[in-house]
Amino acid sequence: MTNSGFAPADLSTIRQMDEHVVHPWASFDRPNKSRTIIGSGAGVYVYDDQGNRLLDGPGGMWCVNVGHGRQEIADAIAHQAAQLSYISPWSHPTAPAARLADRLSSVAPGDLDHIFYTTGGSTAIDSALRFCLFYNNVLGRPEKKHIITRHDAYHGSTYLSAAVCGKPRDKNWLDTQLDQVHFVSSPNSYRSAGGLDEAAFCQKLIAELEAKILEVEPERVAAFIAEPILASGGVIVPPVGYHAACLEVCRRYDVIYISDEVVTGFGRLGDWFASESVFDITPDIITCAKGLTSGYVPLGAVLISDRLISNVGGDGERGAVFSNGFTYSGHPVSCAAALANMDIIEGEGLLEHAREVGPYLQQQLSTLIDLPIVGNIRGLGLMGCIECVVDHDSREPLMLDYEVGNRIDVHCQKLGLLVRPLINMCVMSPPIIIDHEQIDELIRVLRLGIERTIDDLKKEGVVGGL
Ligand SMILES: Cc1ncc(COP(=O)(O)O)c(C=O)c1O
């Protein structure tokens, strides 16, 4: 047996069997047979098929916030599964779902007191958007159904949530329903500010949002959806005041503001939710998933304001039914895991911890700027990104062909670190329990991985000027 719990003889069998698995973002002409099989995890580390220890830089997929191998969550899952594994959420409340809803509403900003459970992030986005359509039907405004979103956004992989994604490559081979969806610019100051200072860039973005609402017509715009920090788009932190100004514009035109906190929630930015504490907004709807259970089991949630719910409820006697739900909405086992996860975050002071180590991660990441292919380093809290370019002045990205993110990842894995490659970027979202020493380790290996990648690129003559 290796440290990760595999008998070595099993490995080739597992690889063979894995050929039946269609992985997310599969390329059928280039099946990836060289992926590392991960067998176990503890804290910020996972162990690969050879028993090698790897620091989990992406925290699973922005989700393993309290770290791997937490017995408390495993016990809560086992206990709930033995006590009551499932009952229909259509017909019956359960204690874990009710307790979790009460707890979420108590830590949510403002009047976001109504919790709709989903199976993950995409279904939370889908449900939030469907709620906005439902809302306007109930209010007798059937034409108010258009949605504004942003370039570089990632909101999920169901049909509707994918339609509000703004990453162009993801749409190369898949159709999305576009007639009700409109895009405004990404708040990416590195790529799109065009020499404007932060305040002027912010003003430009806000003017664009308002112009878009006016162009589509306010009577036809139902919702604006935004991640507080665009995560999979490359950890794009908007200019100061951006979200508050967007919310103001939305309020002016009676447009519902959906804050997609699937990544930014549950400690990643140092609070349960980042909308209010970091970005000074109380949105109408928050979506969350991932860190809600630290990825131990699937669960998502849509938090809806009292204001919206009371507008479609009360004495109207309209007989309206929000016909949206999932067999596993409020799954008792998932809710029990989320409660145990919140107990850990609270009991171990992990929000305070994240607020303390987040700036250290950012400061240490910023030391990598001396590397010749590192063009931009950005992030906030425990989210970070390095973007690689041919040279600092031209900002010309090293494009997909060079697979620079992948190459860095391959080198880093050999050195004991998982990174999340995104074309010419590497994004970081380690478990929020990470400490200073482990951040030092992450940065040391990342530097070495980038240096080795530069050596390869030089040898291949890809970046001759380095
Ligand atoms: C901001 C954001 N929203 C929604 C989603 C979709 O979540 P899921 O993959 O759980 O469906 C993701 C996934 O990465 C995300 O980053």
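1. Leaving aside neighbours within four places in sequence, Ala301 in this predicted model is in contact with Leu104, Ile115, Phe116, Tyr117, Thr118, Ala124, Cys288 and Leu292, where contact requires C-beta atoms, placed from the backbone, within 7 Å. Residues are numbered from 1 along each chain as its sequence is written. Because the model is predicted, local features need pLDDT of at least 70 and side-chain atom pairs count only at pLDDT 80 or more, whereas totals for chains, interfaces and linings use all residues.

2. Ala301 is, with Ala223 and Leu303, among the residues with the most contacts inside the largest nonpolar core, which has 129 residues. Such a core is a set of buried Ala, Val, Leu, Ile, Met, Phe, Trp, Tyr and Cys residues joined through C-beta atoms within 7 Å; buried means that 20 or more other C-beta atoms lie within 10 Å of the residue's own, these atoms being placed from the backbone. Domain 1 (10–66 + 350–459) and domain 2 (72–347) both contribute residues, so this core lies between them; the domain bounds come from an automatic or database assignment.

3. In helix α13 (residues 350–366), a kink of about 25 degrees lies at Val357, shortly before the proline Pro359, the bend being the angle between axes fitted to the seven residues ending there and the seven starting there. Helices here are DSSP runs of H or I with at least four residues, and strands are runs of E with at least two, numbered from the N terminus.

4. Val357 is also one of the buried residues of α13, together with Leu350, Ala354, Gly358, Leu361 and Leu365, and the buried residues of this helix pack against α12 (332–347), β11 (374–380), β12 (383–388) and α15 (436–459).

Notes:
Buried ≥ 20, exposed ≤ 12 C-beta atoms within 10 Å, placed from the backbone. Contact = placed C-beta atoms within 7 Å.
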